[in-house]
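Hello,

Here is the structure I promised to pass on. Please open it first, then read my notes on its cavities and salt bridges.

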Amino acid sequence: MGDNMSDAWAAVMAAGRMPRADGTAPDTIRALFAADPQRFERMSFRADNMLLDISKTAIDARAMAALLELARAAGVEERRDAMANGEHVNVTENRRALHMALRAPVGASRASGGAAVAAEVHSTLGRMHAFTQAVHGGALRGATGNRFTHILNIGIGGSDLGPVMAVRALINPASPMQALHLGNVDGHGWRALLATLDPTRTLVLVASKTFTTQETMANAVLVKGWLAQTLGEDKAASHMAALSTNIQACADFGIPSERVFPFGDYVGGRFSMWSAIGLSLALALGWDSFERMLEGARAMDLHFLRTPLAENLPVLLALTEIWHVNALGLSHRAVLPYDERLRRLPAHLQQLEMESLGKRVTLRGEPVPQATGPVVFGEPGSSAQHSFMQMVHQSPQPVPVDFILIARPDHPWTQNHRILLAHGLAQAEGLLAGKNADAVRAEMRAAGSDEAAIEKLVEHRVFPGDRPSTTIVLPRLESFTFGQLIALYEHKVAVLGALWDINPFDQWGVELGKQLANPLLAQLEERVVKPGQHDGSTTGLLREILKLRADG
């Protein structure tokens with residue numbers, strides 16, 4: 001780490017430890033509002049119609065200056081531009097990270113990946129468009145002549161989580177087809193889907209870049225067999241398409257090249273929703289909706305590429321994470337979208353952020369000197385208020401929260417939406433303001449409690465407050481704003497990669513489990529435990545499972 005970086009990190013850490021000039025602790029927030037009536041105006045930022053409010057954090061002028069200096073010292077702008085220019089920023093795999101190219105329009109001057117990549121991307125998009133139109137128009141039908149009414153997307157990880165999240169966020173009664181997803185290799189997931197599917201009307205998409213992903217291919221074999229039972233062995237593949245780069249493996253499976261939609265190795269799974277992996281979205285939502293999603297993501301790309309650091313939403317969101325994780329030592333973050341349609345957003349962000357940022361070494365292979373990301377969890381509001389928000393309000397360690405609010409619903413029940421928004425705003429306000437002992441006593445006296453009861457319960461009803469949160473406000477949840485929102489978090493991850501000097505585009509930890517599973521699978525199939533091959537616990541568990549399977 002160079003001297004500039006060391007000094008910048010030291011300044012950020014000092015801002016998180018040292019009292020402010022007014023004597024308040026560096027993690028307090030209420031004092032900042034008391035001292036600055038215009039704090040919200042100064043600490044909220046916009047990209048198009050998206051608002052990001054970071055005023056309910058403990059970042060003051062000194063901390064913000066230190067954080068912005070860290071961004072400059074870390075070369076955030078240079079790393080951003082290197083990614084946009086198609087340099088091999090994924091150094092451990094010697095690859096580019098060109099997810100921005102997937103949503104760049106024809107003739108785009110920046111982040112298009114160059115002429116060859118742009119041509120490849122738009123060729124695939126053109127084929128996806130033609131395929132979608134043929135299915136929707138009835139030119140492409142099932143083996144029995146029936147129109148396709150359902151899509152079954154088979155994938156795992158980024159080939160599943162992103163599409164699941166997006167289709168649930170954007171589906172509406174007018175959507176042309178129903179999309180279902182099979183991600184887990186657990187057969188109970190397939191059993192649950194069977195009752196809703198008609199093999200004569202189901203179009204199956206197999207999403208696997210290599211077409212060798214064990215879980216995905218096991219499910220693909222299962223589903224192909226189900227199709228064959230009704231359609232016959234020779235017709236089953238006519239109900240299937242592949243999202244893959246392995247043309248030969250697809251052909252061996254029975255899927256011809258004209259039904260294979262590729263995407264390059266410059267796209268990681270968790271960034272791939274904009275690629276051929278999004279075919280299920282185009283089919284389920286309609287091509288216009290899919291294009292609008294790409295346009296929304298592109299709008300955030302341009303904001304990220306053009307906006308100064310001090311007003312750049314992905315940069316500010318990343319710097320807020322640095323403040324919480326490193327300066328204040330907060331190891332968790334909750335994501336609360338106050339919109340039921342975004343109920344799978346926390347799961348997507350778990351993969352996007354934790355798979356990208358959970359790294360132990362820097363780009364140079366040296367141990368990272370600080371934590372690289374929080375544990376991400378979440379659920380939709382207001383349901384979450386009746387579960388883990390108790391811990392967020394009163395546990396000893398604060399948990400920063402991302403609140404996501406949608407101003408206008410796409411349903412006619414306006415009172416329900418007012419209640420929803422009121423609860424979202426109230427939770428953020430309650431985390432900030434808290435409730436002290438005097439307020440509890442006054443409240444209980446007003447309710448008629450005697451002094452003995454008050455003193456017995458007062459500490460249980462105190463809320464410390466000064467709990468940090470950020471709030472993102474969107475006017476509506478539709479394809480464009482959804483694309484903006486997901487791209488915002490993608491770019492936040494890239495910025496954090498630069499700040500922590502790690503590679504956010506590889507995932508070697510995912511590969512370890514796959515390697516270890518194969519010998520265990522062999523022993524489960526052979527019903528034999530090979531001594532000395534595993535640790536004592538794994539060996540014991542394997543023997544117990546084999547015994548229980550034999551008993552069954």
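A salt bridge here means a side-chain nitrogen of Lys or Arg within 4 Å of a carboxyl oxygen of Asp or Glu. Note that this is a predicted model.

By that rule, the structure holds 34 salt bridges. One of them joins Arg95 and Asp265, with the closest N and O atoms 3.9 Å apart. This pair links distant parts of the chain, 170 residues apart. Arg95 sits in the loop between helices H5 and H6, and Asp265 in the loop between strand E7 and helix H11. Arg95 is partly exposed, at 30% relative accessible area. Asp265 is partly exposed too, at 43%.

Next, look at Arg270 and Glu355. Their side chains form a salt bridge at 2.8 Å, N to O. Arg270 lies in the loop between E7 and H11 and Glu355 in helix H14, so the bridge ties together parts 85 residues apart in sequence. Arg270 is buried, because its relative accessible area is 2% and buried means under 20%.

Now the cavities. There are two of 30 Å³ or more.

Helix H13 gives the most to its lining, with four residues. Among the lining residues are Glu321, Arg333, Asp402 and Lys492. Salt bridges with shared partners join these four and Glu353 into one network.

Best wishes

Conventions. Residues are numbered from 1 along each chain as its sequence is written. This is a predicted model: local features need pLDDT of at least 70, side-chain atom pairs count only at pLDDT 80 or more; totals for chains, interfaces and linings use all residues. Side-chain values use heavy atoms; hydrogens and water are left out. On a 1 Å grid over the protein atoms alone, a cavity is a set of points where a 1.4 Å probe fits but cannot get out, and a pocket is an open set with protein on both sides within 12 Å along at least five of seven lines; lining residues have an atom within 4 Å of a point. Grid points are joined across faces, edges and corners, and a volume is the space filled by probe spheres set on the points. Helices (H or I, at least four residues) and strands (E, at least two) are DSSP runs, numbered from the N terminus. Buried means under 20% relative accessible area, exposed over 50%, partly exposed in between (1.4 Å probe, protein chains only).
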